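Visitor: Before we start, please show me the sequence and the structure.
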Amino acid sequence: MKGIIFTELVGFLETRYGIEFADAVITDSNLDNDGAFTSVGNYPSRDALTMVGMAAQLSGADSAQICEDYGTWLYGRFQTLFPELMARYTNADALLTHVGTHIHEEVRVLYPDAQPPHIEAASDGAQMTVKYRSHRPMSHIAYGLIRQCLASYDDPRQLRWSADSRPDSATFIISAGSQQT
């Protein structure tokens, strides 16, 4: 997994819970690299999962909620880190339909060894369906990213999980009448 996800995770933990908390998460996670991440490095995805698990343990929060909140926070970071890329899209539908094609292709240009999740979005006019598939169980992060994407465009539609969703494979439904969960 690309280091930017790790460096941003540490930044999220520092911002949300404080520097001492983030340091405790790294220390107590007993990572092989002692938490020395660079944004361009490659690290095992299990290290991110270990850190989230430790953050949940130390904070008492649910790990799924931490991941969703991290996804929400990460969207804002992507706006800061990649403003030219994010500015290309005028609404949430435009951005979401291009994650799997355009945005992740840009990621592969910047990081040729990257293995981003497979994202597929389609709209039938009444609702948009976003499918997340990955070899990593991080659909809660995707949910947070989509939630913040909608909020950043002042999109009033609601986001919900499809009942068949799993941590590594989820379907999200965006529609006007559904309840956000």
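Guide: What follows is a short exchange on the terms used for this model.
Guide: This is a predicted model, in which local features need pLDDT of at least 70, side-chain atom pairs count only at pLDDT 80 or more, and totals for chains, interfaces and linings use all residues. Residues are numbered from 1 along each chain as its sequence is written, and side-chain values use heavy atoms, with hydrogens and water left out.

Visitor: Why does the span of α4 agree with its number of residues?
Guide: The expected span is 1.5 Å times one less than the number of residues. The 19 residues of α4 should therefore span 27 Å, and its end C-alpha atoms are 26 Å apart, which agrees.

Visitor: What caps the N-terminal end of α4?
Guide: Asp 62 does, with a side-chain oxygen 3.2 Å from the backbone nitrogen of Ala 64.

Visitor: Which residues of α4 are buried?
Guide: Buried means under 20% relative accessible area (1.4 Å probe, protein chains only). Among those in α4 are Ala 64, Ile 66, Tyr 70 and Leu 74.

Visitor: What covers the buried residues of α1?
Guide: The cover includes α2 (19-29), α3 (45-59) and α4 (63-81). Phe 6, Leu 9 and Phe 12 are among the buried residues of α1.

Visitor: What makes β1 and β2 a pair, and in which sense do they run?
Guide: Two strands pair if DSSP finds at least two bridges between them. Strands β1 (residues 118-123) and β2 (residues 127-133) pair over 6 bridges, in the antiparallel sense.

Visitor: How many bridges join β2 and β4?
Guide: These strands pair over 7 bridges, again antiparallel.

Technical notes
Buried means under 20% relative accessible area, exposed over 50%, partly exposed in between (1.4 Å probe, protein chains only). Helices (H or I, at least four residues) and strands (E, at least two) are DSSP runs, numbered from the N terminus. Contact means heavy atoms within 4.5 Å. A polar contact is a pair of N or O atoms within 3.5 Å; within protein, one must be able to donate a hydrogen and the other to accept it, and residues adjacent in sequence count only if both atoms are side-chain atoms.
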